[in-house]
Amino acid sequence: MSRAQHTRISVAAVGAVGVVFAVGAATASAAPSVDVHGGNTITAQVSGEKPGHSCRIAATGVETPWRPVSGDGTVRLDSGPVRHGRHDARVVCENPRVGAASVHTVGHEQDVFTGQWAPAFEFLQHHRLEFLTPREH
């Protein structure tokens with residue numbers, strides 16, 4: 001095999017590997033994400049979930065209804081009135097056609113605060129001063 005032929009084969013192989021990586025990156029689906037906040041209620045904004053799925057906020061003593069994910073993969077959730085204080089909140093989503101077997105948590109469980117002092121407690125938590133926030137009994 002001549003040197004020019006070997007170089008062409010090498011360039012073709014590198015090009016093929018590059019195409020495989022580019023196609024893989026383009027077709028790979030990003031994991032859904034969620035942004036959860038406290039305040040007067042617990043709110044969440046889910047992005048990147050599969051359209052047609054349904055999501056809700058789950059926390060101790062908080063059961064919100066399932067809300068459908070829109071065609072662009074987002075859904076905005078609101079808990080409505082909840083007791084004031086600290087909540088370990090998470091967002092769960094499911095495929096309604098499959099049911100309970102498809103339920104999965106989006107992101108991770110987060111401490112959120114509701115009530116009059118919620119902004120102050122979230123500020124303290126954001127700046128890693130959790131020891132100054134009230135704990136549940």
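**The disulfide and its surroundings**

Reply: The torsion about the S-S bond of Cys-55 and Cys-93 is about 105°, so this disulfide (a pair of cysteine sulfur atoms within 2.5 Å) is right-handed. Cys-55 sits in strand S3 (residues 54–59) and Cys-93 in strand S7 (residues 85–94), so the pair ties together parts that are 38 residues apart in sequence; strands here are DSSP runs of E, at least two residues, numbered from the N terminus. The S to S distance is 1.9 Å, and a search of the whole structure turns up 1 disulfide.

Keep in mind that this is a predicted model, where local features need pLDDT of at least 70, side-chain atom pairs count only at pLDDT 80 or more, and totals for chains, interfaces and linings use all residues. Residues are numbered from 1 along each chain as its sequence is written, and side-chain values use heavy atoms, with hydrogens and water left out.

Both Cys-55 and Cys-93 are buried, meaning under 20% relative accessible area with a 1.4 Å probe, protein chains only. Cys-55 is also among the residues with the most contacts inside the largest nonpolar core, which has 18 residues. Such a core is a set of buried Ala, Val, Leu, Ile, Met, Phe, Trp, Tyr and Cys residues joined through side-chain atoms within 4.5 Å. S3 and S7 each supply at least two residues of this core, and so does strand S8 (104–114).

Over on S8 you'll find Val-106, buried with a relative accessible area of 1%. Leaving aside neighbours within four places in sequence, Val-106 has contacts (heavy atoms within 4.5 Å) including Cys-93, Val-91 and Val-34.

Terms used
Helices (H or I, at least four residues) and strands (E, at least two) are DSSP runs, numbered from the N terminus. Buried means under 20% relative accessible area, exposed over 50%, partly exposed in between (1.4 Å probe, protein chains only).
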